[in-house]
Amino acid sequence: MKKLQNKHIVLAITGGIAAYKSADLVRRLQDAGASVRVVMTEAATGFVTPLTFQALAGQPVLVDENTSAANGMTHIELARWADLVLVAPATADFIARLIHGRADDLVAALCLATSAPVAVAPAMNQQMWENPATQANIRLLDQRGIHRFGPAQGSQACGETGFGRMLEPLDLVEQCTTLFDTGLLQGVSVLITAGPTQEPIDPVRVITNLSSGKMGYAVAQAALDAGASVTLVSGPTCLTPPQRAKVIPVQTAQQMYDAVHEKLDNTDIFIGVAAVSDYRVAQPADAKIKKDADELSLVLVKNPDILASVAASDPRPFCVGFAAETDHLEGYAREKLEQKRLDMIAANMVGNGQGIGADDNALLLLTPRSKVELTRAAKSQLARQFIEHVAKHYLEQKNPA
Ligand code: PMT
């Protein structure tokens, strides 16, 4: 079956030079099996004519409510028809309007009115992309669960070089396919750890880290979307867990270890996304520690390594770890892959606003025999690509050729 078979995609085109690539995108989406309807802003029609898209899509192109009504589909009907609204190219101006919930043209109104996922493919001059106002808007997009594809880095129509190029049509099609249920992990049970752990110092103080749980929760959602049954053992976070996941809340590394081992018997794939405290306080105080002393020493003892213990169990599930590094990303991650005897490790850079606590991330996936880079994207999107790779390697191991 084609990757986007029977999917209804509204391709919304806003006014940037990258609009010329969207003509090819229509064809590529159709080749992947999608039905495509094209909507354009007035500004976009200055770059490519609606007639071009009408000829390619084989459907009338809608520019405003008048053309929309004349062609028998109001923005509400179109919003309901869509399985995905893809805005490509999405200009800086359009992204700002989207963030503010404007409905001042058909494309913006459609994005407000649809319950389907909305994805944007930003395309703009590199200075406009780097501008703090655009970056703030992009962070809001990511937080609101609007999918973002790109932008890519490279030379631009304006003669400058940097981030801001729209992704190529084939890459955009690939990204669209990651948004739909794949069924890749149908009938497979996946156990995931997420978030930080907290190690008590006294009844009101803890040792913890900056993990928000966003990556682990996104991985849980992606596994559910791939048809898996998911158990999520989560340290303390402020997030709403994915519906359909069985959630086991824990606080400490030892509790996480116990919860994981209790569930291990029925697990096909284990994914350790949690940032587990490597150490805990040997003797947490029973009462709040007073600030009488000028110096205070805490004796720390090592916590069990949950991931390594799962990988050493017999029989063992397919084991995937994460490696959070501030330097030597690949080298350190490969050491962990080998030392903990994992099937796969996902390495990410952390610190200075990267990876941990952030809404987006980039991953380097390593197995004993392969290496794949997943470029920076919203965690929800990245998690879908990650799960596709996990599923591929898991199935290959289970059913060797
Ligand atoms: O939660 P977010 O804000 O979204 O951030 C996501 C993340 C950066 C925390 C995540 O992507 C990530 O990298 N998680 C692993 C963090 C980590 O603890 O890395 P590590 O290199 O110290 O540990 C390696 C692996 O061993 C991890 O899979 C970890 O879960 C596991 N581990 C570590 C120590 C321990 N005692 N038990 C473990 O299971």
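A helix here is a DSSP run of H or I covering at least four residues, numbered from the N terminus. I am working from a predicted model.

**Entry 1. Salt bridges overall.** I looked up the total and found 19 salt bridges in the structure.

**Entry 2. Arg97 and Asp93.** I checked this pair and found that their side chains form a salt bridge, with N to O at 3.2 Å. Where do Arg97 and Asp93 sit relative to each other in helix α5? They are four residues apart in that helix, which spans residues 92-99, so about one helical turn separates them.

I then looked up accessibility for both. Arg97 has 15% relative accessibility and counts as buried, because the cut-off for buried is under 20%. Asp93 is at 49% and counts as partly exposed, since exposed requires over 50%.

**Entry 3. Arg97 again.** Asp105 also makes a salt bridge with Arg97, and I noted 3.0 Å between the closest N and O atoms.

**Entry 4. Arg205 and Asp202.** Next I looked at Arg205, whose side chain meets that of Asp202 in a salt bridge at 2.5 Å, N to O. Is Asp202 buried or exposed? Asp202 is buried, at 3% relative accessibility. Arg205 is partly exposed, with a relative accessible area of 34%.

Entry 5. I went back to Arg97 to trace shared partners.

How values were computed:
Residues numbered from 1 in each chain as written. Predicted model: local features only at pLDDT ≥ 70, side-chain atom pairs only at ≥ 80, totals over all residues. Heavy atoms only, no water. Salt bridge = Lys/Arg side-chain N within 4 Å of Asp/Glu carboxyl O. Helix = DSSP H or I, 4+ residues; strand = E, 2+ residues; numbered from the N terminus. Buried < 20%, exposed > 50% of the residue type's maximum accessible area, 1.4 Å probe, protein only.
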